[in-house]
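Dear colleague,

Please find below the structure that I am handing over to you. My findings follow directly after it.

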Amino acid sequence: KEGTAPTVVAGADGRTSVLQPAWSPKTGELFFVSDGQNGFWNLHCVPDAQSTPLGRWERATNVMPLGADFSGSAPGWALGQQGYSFARSSGAVLAAVRLPGEAASTLLVLDSAFPHAELSRHSAADGGLPYGFGGLCSKEDGTVYLLGSSPQLPAAIYEWSGLTTAAAAPATMLASSMKADAVIDPKFISSPQLMQFPTTDEAKTGVLTAYGYYYPPTNGDFSAPEGELPPLLVKAHGGPTACTGASFNPGTLFWTSRGFAVMDVDYRGSTGYGRSYRQALAGNWGIVDIEDVCAAAQFLSQQGLADPARLCIDGGSAGGFTTLGALAFKKVFAAGCSLYGVADCSALAADTHKFESRYLDGLIGKYPEEKAKYDARSAIYSTETLSCPVLLLQGDEDKIVPPNQAEAMHKALLDKGIPTALKVNTIATPATATAATTATAA
């Protein structure tokens, strides 16, 4: 009503996340995802929201308190996410969640009536749903549609009738980005294991455990000599306020099929592990992420899952920043590859695109007031502590991390005499079709 003050349902403290609001088509309740009550993105509702005047709304109720994120593991600024929906026929609440300690998704079916008691659970273990899924929606007849993926198959659209059939019906794939004849033989598929491992805490975040997906070397045609430990590739995801996952990744399988173990790290700041874990990165980018990728490599070495003399690291964009920082400030890895990575934080603050124009204020500190922090965490100013080979890969039209980052880092490494190579990919046009890449090396 015009002139009426709005009712704040959640988020008044300025710290609470509020995501994916939606009205129940059956009851008129307002649902949303929030971490305000227990620090995890749980599903909340406001009972009788449509029939009660705004000023008389009750406090939102956490429908199912769990130490898990209901919104999906991807960050809230990513578009097109839908971690829950409603069955149109019954009004039941359908929520996708990755339960604590699990890599696969679970579908929770909750009663349409308040307080929304759990009716059933469904997952890939039942033989019905994909390994990981989200983007839920349904038809009037109870059929559920979702986006699903697995370590064997890329993202696809699935149809599932498990809510309306007595037997556990497998989901039917309707469309996929992979052609049927391109499916990889299972003997080359490495199945990821979600691991947690201890980490150090120079920044005193209070978070002493980090996470990652470990992929063992897998090739049905070959086996390693008895007693030999595999080389390890540690991967740092971009963002940095994002996450990795266990979906099909041919880039990972390339390495695991050739005898490498791979550890894809969800360092502190990654989404999917609650607010405390996410906020550990605030002001600490270039500290906690580097600690965690190093701790992952050392943990796997101690567990006898990787050769401590053959540890390497790669990452793209923000992950490239973590990669270069780990190589410059730590002595854990024998080689690294930065894909369009950040080498100079001050240059990034000055050159990046509008959407991320003040992103670093929360990740490092106010710029230019705290420029000293930016320089201290930039690998380009610490090449004197870097002594291992570095490969730099860059696109010439990158607007997020401009090419000048890789070019400056490459020059600094050359000046020091460190084995390095820079490969710049260009957009192929009639004029450049025969010279789409350039490379220099020392």
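In this predicted model, four strands make up an open sheet with antiparallel pairing, in the order β5-β6-β7-β8. Its edge strands, β5 (84-86) and β8 (118-123), each pair on one side only. From one strand to the next, the twist averages 20°. Strand β6 (residues 93-97) and strand β7 (residues 106-110) run antiparallel and are joined by five bridges.

I turn next to the nonpolar cores. The largest has 54 residues, and those with the most contacts inside it are Leu 232, Val 234, Met 263, Phe 333, Leu 386 and Met 409. Helix α3 contributes the largest share of this core, eight residues. A second, separate core has 20 residues, including Leu 43, Leu 66, Phe 70 and Ala 95. Leaving aside residues up to four places away in sequence, Met 263 touches several residues, among them Met 195, Phe 197, Tyr 214, Ala 296 and Leu 300.

Finally, helix α3 (residues 288-302) packs against helix α4 (residues 318-329) at an angle of about 75°, with the axes 9 Å apart. Because angles of 65 to 115 degrees count as roughly perpendicular, α3 and α4 are described as roughly perpendicular to each other. Asp 289, Ile 290, Val 293 and Cys 294 of α3 make the contact with Phe 321, Thr 322, Gly 325, Ala 326 and Phe 329 of α4. These contact residues comprise six nonpolar, two polar and one charged.

With kind regards

Methods:
Residues are numbered from 1 along each chain as its sequence is written. This is a predicted model: local features need pLDDT of at least 70, side-chain atom pairs count only at pLDDT 80 or more; totals for chains, interfaces and linings use all residues. Side-chain values use heavy atoms; hydrogens and water are left out. Axes are lines fitted to C-alpha atoms, for helices over the stretch in contact, and angles run from 0 to 180 degrees between N-to-C directions. Helices (H or I, at least four residues) and strands (E, at least two) are DSSP runs, numbered from the N terminus. Angles under 35 degrees count as roughly parallel, over 145 as roughly antiparallel, 65 to 115 as roughly perpendicular and the rest as oblique. Contact means heavy atoms within 4.5 Å. Ala, Val, Leu, Ile, Met, Phe, Trp, Tyr, Cys and Pro count as nonpolar, Asp, Glu, Lys and Arg as charged, and the others, Gly among them, as polar. A nonpolar core is a set of buried Ala, Val, Leu, Ile, Met, Phe, Trp, Tyr and Cys residues joined through side-chain atoms within 4.5 Å. Buried means under 20% relative accessible area, exposed over 50%, partly exposed in between (1.4 Å probe, protein chains only). Two strands pair if DSSP finds at least two bridges between them.
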